[in-house]
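The points are grouped by topic.

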Amino acid sequence: MATTAVTSAGIASEAPRSDFGRVLAQRERRFAAALLAPAFLALLATTTFPLLFLIYTSAFRMDLAMPFTNGFVGSENYQMLLSDERFWTSLLVSLVYTGSTVALQVIIGLALALLVMDMKRGQGWFRVIAILPVVLSPAVVGMIWRTFMLAPEFGIVDFLAINAGLGSKNWLGDPTLAMVSVIAIHTWQWTPFAFMVLLASLASLPEDIYEAARLDRASAWQSFRRITLPLLRPAIVMVIIMRTMVALTAFAAIFTVTAGGPGTATEILNLYAYRKSFTELSIGYGSALAVALLIVTIIISGMLFAMRRAK
Amino acid sequence: MTAKRLRIFALLAISMVFLLAWAFPIIWSVLNSLKTDSDVLAYPPKLVFAPTLEAYRDVLFGSGSILPNLLSSVIISVGTTILTMLMAVPAAYALARLRFRGKKFAGFYVLATQMLPPVGIIIPYFLMLRNIGWIDTYQGIILIYLSFSLPFAIWLLVSYFEDIPFEMEEAAYLDGASRLKTLWRIIIPQVRGGIAVTVVFVFLNAWNEFLFAVVLSGNTVRPVTVAMFNFVSVEQTLWAKLAAVSVLAMLPVVVLGVVAQKHIVKGLTVGAVKGGGRR
């Protein structure tokens, strides 16, 4: 009894250490519990429980096409995974896809934000137009690019390539070009995001530092390198973290454009887990792949958050 | 002087290229949706043509109409939004304003749930919903959509609740108002703007979702993002109709996006400061 009194008073630090204060603190806790309960029950049911279920399923052989072979297999799926070449390829494709799209988004987004920041008129145009790709469904974006933009001898990109003397290309049929295409599509859709966030951060930087730099005759490059970049670092790191998480879990745009093909050229880990589970119907092995994806996500986000803490 | 002029021209040219690159695929879809199939396929691409609403008429009222799919999308998005807000507003208020044990952990938990890769949990969802016969039902899809809409909505709302001064609540308590009454009458009106922005985002994400929809939907419940595939097959693509469906699928989110433009940046970054994001 005495200990509870001490802890509750410790938490409600501003409340007086009287019976009245204790009753109030207790009421506040109960009220909080009642308000949180529905949301937390829903989150438990739709995130935590499925996650545990996924780990459980990954210890089974569960083949929807051949249910008579189903049964507990322990760590067999994971052993299979380690020697599965397609898994390692898809992991590599994921890393290339994520690394290149995030780098492109940050570099182009930052360059464009610096450019627009100096514009005296027309900033509004950028703000409105930049919203458009970001609010679209990646599935619709993928569909538009696959057809009206990239279809050979008909899509606008191919039309431009022909007129530039490059000739018609099979943008989604050639393994390298397909990879370039899905990277370009993701970059097209999400660079406006990096641009908008960085533009907002640039606008909030203090003007007087630049004034001082100008008086010291600092060059444009010096003031960018020594002032803008360090001040913008938190925003840049935040954009990198967000975009990396999204690129790692990207699905719809690649699924609609190439479905992982040709062959496995654009098959990121996500798509491999999906295809294994829902096309080849090996749910148990697909679950093991999904767990691997989760582990990769955790490792990468851990590294990124460490980067954020580092000065 | 000429160097400066040259610089201005170069900047203007670069800006135009980027604006065009972002707007063009959308404008081009709109143009193609107003063409006949032969005009869509014309080479070189036609910028000037006789516009027609034929594709829209076919897509909406012809055989294989996508009206039921648009309706599916609306029901799913509106249902998800209402349910999410009913749970997220109280939870966000508690996380932002109340003192209780385990508050830090509760906040961390909401964040962590947001980082789960969708492909990672689609397998258990599929098995769970199949077991209870909820595949291809509205309640099934809406329940699953809570997994991404709730954490996002809670965090976005917390950032708005944190902005209101504490004095308002204290004054209400001194007047003898109950906690619930204070929340309803004093606090919620203060965060109306934040609630509106959250509604826009939750609706948008639900409308745009694809992976869960493709696995968990069927012939009864099929949102437009999935139904779009009816117009492309190995044998043939129905170009103008596909363009019309794409435009119909884009229309609500583009309108919302442009209207809520000023708030979008905050909404896009709020999950960011603390955790992941979607898609």
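In this predicted model, chain B has 14 helices and zero strands. Read along the sequence, its pattern is therefore α-α-α-α-α-α-α-α-α-α-α-α-α-α. The radius of gyration of chain B is 23 Å, well over the 19 Å that the globule rule gives for 279 residues, so chain B is more spread out than a compact globule.

**Overall form of chain B**

- The C-alpha trace of chain B spans about 75 × 70 × 35 Å along its principal axes.
- Buried residues make up 46% of the 279 residues of chain B.
- Of the contacts in chain B that link residues at least 6 apart in sequence, 79% join residues at least 24 apart.

- Helix α13 of chain B covers residues 239-259, 21 residues in total.
- From its first C-alpha to its last, α13(B) reaches 30 Å, close to the 30 Å expected at 1.5 Å a residue.
- At Leu251(B), α13(B) bends by about 35 degrees, and a proline, Pro252(B), follows within four residues.
- Leu238(B) lies in the loop between α12 (224-227) and α13 of chain B.
- Leu238(B) has 19 other C-beta atoms within 10 Å; because a residue counts as buried at 20 or more, Leu238(B) is classed as partly exposed.
- Although 183 residues separate Leu238(B) from Ala55(B) in sequence, the two are 9.5 Å apart in space, C-alpha to C-alpha.

**The largest nonpolar core**

- The largest nonpolar core holds 158 residues.
- The members that touch the most other members are Ala39(A), Ala88(B), Ala91(B), Ala92(B), Ile154(B), Phe212(B) and Val245(B).
- Helix α7 (residues 138-161) of chain B supplies the largest share of this core, 16 residues.
- From chain A, the core draws at least three residues from each of domain 1 (2-57) and domain 2 (86-309).
- Leaving aside residues up to four places away in sequence, Ala39(A) touches Met87(B), Ala88(B), Ala91(B), Leu150(B) and Ile154(B).

**Domains of chain A**

- Chain A is divided into domain 1 (2-57) and domain 2 (86-309).
- The centres of these two domains of chain A, taken over C-alpha atoms, are separated by 39 Å.

Definitions and conventions. Residues are numbered from 1 along each chain as its sequence is written. Chains are lettered from A and ligands numbered from 1 in the order in which they are written. This is a predicted model: local features need pLDDT of at least 70, side-chain atom pairs count only at pLDDT 80 or more; totals for chains, interfaces and linings use all residues. Helices (H or I, at least four residues) and strands (E, at least two) are DSSP runs, numbered from the N terminus. The expected span of a helix is 1.5 Å times one less than its number of residues. The bend at a residue is the angle between axes fitted to the seven residues ending there and the seven starting there. A nonpolar core is a set of buried Ala, Val, Leu, Ile, Met, Phe, Trp, Tyr and Cys residues joined through C-beta atoms within 7 Å. A residue is buried if 20 or more other C-beta atoms lie within 10 Å of its own, exposed if 12 or fewer, and partly exposed in between; C-beta atoms are placed from the backbone. Domain bounds come from an automatic or database domain assignment. Two residues are in contact if their C-beta atoms, placed from the backbone, lie within 7 Å. The radius of gyration is taken over C-alpha atoms; the globule rule is 2.2 Å times the number of residues to the power 0.38.
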